[in-house]
Amino acid sequence: MLCLIILLSFIVGLLLLDKNSIYISISLIIIIVFLSLKRYRKLKFLLIITFSFVGGFLKANINFKESNCNNLIALVTKRKENYFIVQTLKEKFYCFDNKKEDVNLFDIVEINGNFSNIDFAKYEGNFDFNEYLHKQGINRIINIKEIRIKRKSLIQFENYKEKVLNKIQDEDTKYFISSLLFGEVEYGSKSYTISKKLMIINLFSISGVFINFLLYGISKLLTYFMTDKKAKILSFILLLPLFLFNFYRFIFIRTFIFFIVGIIFSNKNKEEKLSIKIITYLIFLILFKTLIYNASFYLPLLIMITHYLSTQFIYSESKFIKTCKRKLIFYLILIPLLINSYNGINIINLLFGIALLPWFKLLFLCSVIMFYGVSFKCLEYVIKLTLNILNKFDFDYLTVHIPSINSFYLILYYLFLFIFIYFSEINYKKMIKITILEFICLTVLYVAPIENSFTCEVSFINVGQGDATLIRYKNEYNLVDTGGIKNYDIANNVLIPYLVKKRIYKIDNIFITHYDYDHYGALDNLKKNFKIKKIIDYPVNPKIKT
């Protein structure tokens, strides 16, 4: 029950996305954990330290109002082709890199320039780079006038990355290995398209399955030659170079710190270990408040506590049944994240992604070995073959489109999940059935286009250069033009997310006014992935309801 209160308070703070709610939630969790750990005297000092961070934490995150920066000293914490992120003691900044500065990861730089607010253009329903930066605590851009490198990084990370990746000839294979090793996604590449198709693979990555597989797998092998503690320490040392190359990715930080915590507190019981992990999460959150938006932060926490709460439900004499129940809970936790990431659920793609997980683990292992300088001549061929086969795998038409779940319904979803787990724990079958029935009713109410039945609207959809106009008369839906960009999928990235958000699951008529690509280019992909009754060319002048 204690853990349930902790989790619920955490979710409320997380989903409301309101600063005051988050701070109240953090305070509530700290107080509850403090009360739960009264008997552990040695752990009390950790909570006192946690409280002491709060004041400095709030003060450190105040946005400063200066318009110019002179002699700003900062650490480069992320490096991309056309920009880099720098961190000072007070704030993070986005920096354009139009001049291709010789700046590398973990360099200490001195910058002169001026500040401006984050304001990048975006398409309707598409990836929002502004939101992405805000969720990392980046609210301002530095327009660089002059930059000097005060101290170069001891390790030339970018040079070594290029050395590893330049061994690969095929571009799609290179992007795939780069995404596995360094989390760098090349939007529009074949590997990106496939990772979206096999929706579960991305979520397995942010939950830490791949790095945990490697870390704990190596330590398990080493236990045949040494003690368990020494094996874990050695496996940590062996993977430390890979960790340094992924230092900016929270999933690596979380995994390695919890691995160390596990070694230090290996003699504690299950409840004590859980409490220690929750305290560690709280310290993370207080030091870096933007982690509240990071799926790599809250997804493993949800999984950890939910599994702890469901010990009786999961328990079974059959190992197979036990594994199935554990996986069921895992996927029930993932469902809202899948819906919000992919605008729906495709059961075939989901099951296929789950089935392929061991194969992707093997490819990840081979990629890591290659990172350490051992080349596999056949690896490029195997990955290329895998990508080509998966690219032909097409069950997108079976996708069930569901609107992104808002904060209120997300809270209700997890509330129903915890109630279901609770009644399953005490084996109260009647209430289990009632809970499932109520959940189904809630889902239907959320997904059904009830409001559309009584209203009308005209929407001009932002598709960049081009036109796409939605005319809705109650439950009749007409789209005038579709927009289109030759190197970008407007249908899947813009139109479908927008329509589903409006609870529109079919289009009655699509009118093509003329055949310039920016007016009809998205039509083919829209036909493949969305239900359309009729397509009308511009010479025809049909009557529609007014």
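Select Leu240 in helix α10, which spans residues 228–245. Helices here are DSSP runs of H or I with at least four residues, strands are E runs of at least two, and both are numbered from the N terminus. Leu240 is partly exposed, at a relative accessible area of 31%. The classes are buried under 20% relative accessible area, exposed over 50%, and partly exposed in between, with a 1.4 Å probe and protein chains only.

The model is predicted: local features need pLDDT of at least 70, side-chain atom pairs count only at pLDDT 80 or more, and totals for chains, interfaces and linings use all residues. Residues are numbered from 1 along each chain as its sequence is written, and side-chain values use heavy atoms, with hydrogens and water left out.

Together the four form a nonpolar surface patch with about 380 Å² of accessible area. Patches take residues with over 30% relative accessible area and no salt bridge; nonpolar side chains (Val, Leu, Ile, Met, Phe, Trp, Tyr) are joined within 5 Å, like charges within 9 Å. Areas come from the Shrake-Rupley method with a 1.4 Å probe, and for residues only the protein chains shown count as cover.

The term means a side-chain nitrogen of Lys or Arg within 4 Å of a carboxyl oxygen of Asp or Glu. Arg148 sits in strand β5 (residues 138–151) and Glu110 in strand β4 (residues 108–117), so the pair links distant parts of the chain, 38 residues apart.

Glu146 is partly exposed, with a relative accessible area of 39%.

Jump to Asp508 and Lys506. Their side chains make a salt bridge of 2.8 Å, N to O. Asp508 is buried, at 10% relative accessible area. The whole structure holds 13 salt bridges.

Then pick Asp518, in helix α22 (residues 517–520). Asp518 is buried, with 19% relative accessible area. Leaving out residues up to four places away in sequence, Asp518 touches Gln465, Gly466, Asp467, Gly483 and Gly484. Contact means heavy atoms within 4.5 Å.

**A helix pair**

Select α13 (residues 295–309) and α15 (residues 319–342). They pack at about 145°, with axes 10 Å apart. Axes are lines fitted to C-alpha atoms, for helices over the stretch in contact; angles run from 0 to 180 degrees between N-to-C directions. On α13, color Tyr298, Leu299, Leu302, Ile303, Thr306 and His307; on α15, color Arg326, Ile329, Phe330, Ile333, Leu334 and Leu337. These residues make the contact.

**Zoom out**

The chain has 23 helices and twelve strands. Of its 546 residues, 46% count as buried. The accessible surface is about 28,700 Å², with 61% belonging to carbon and sulfur atoms.
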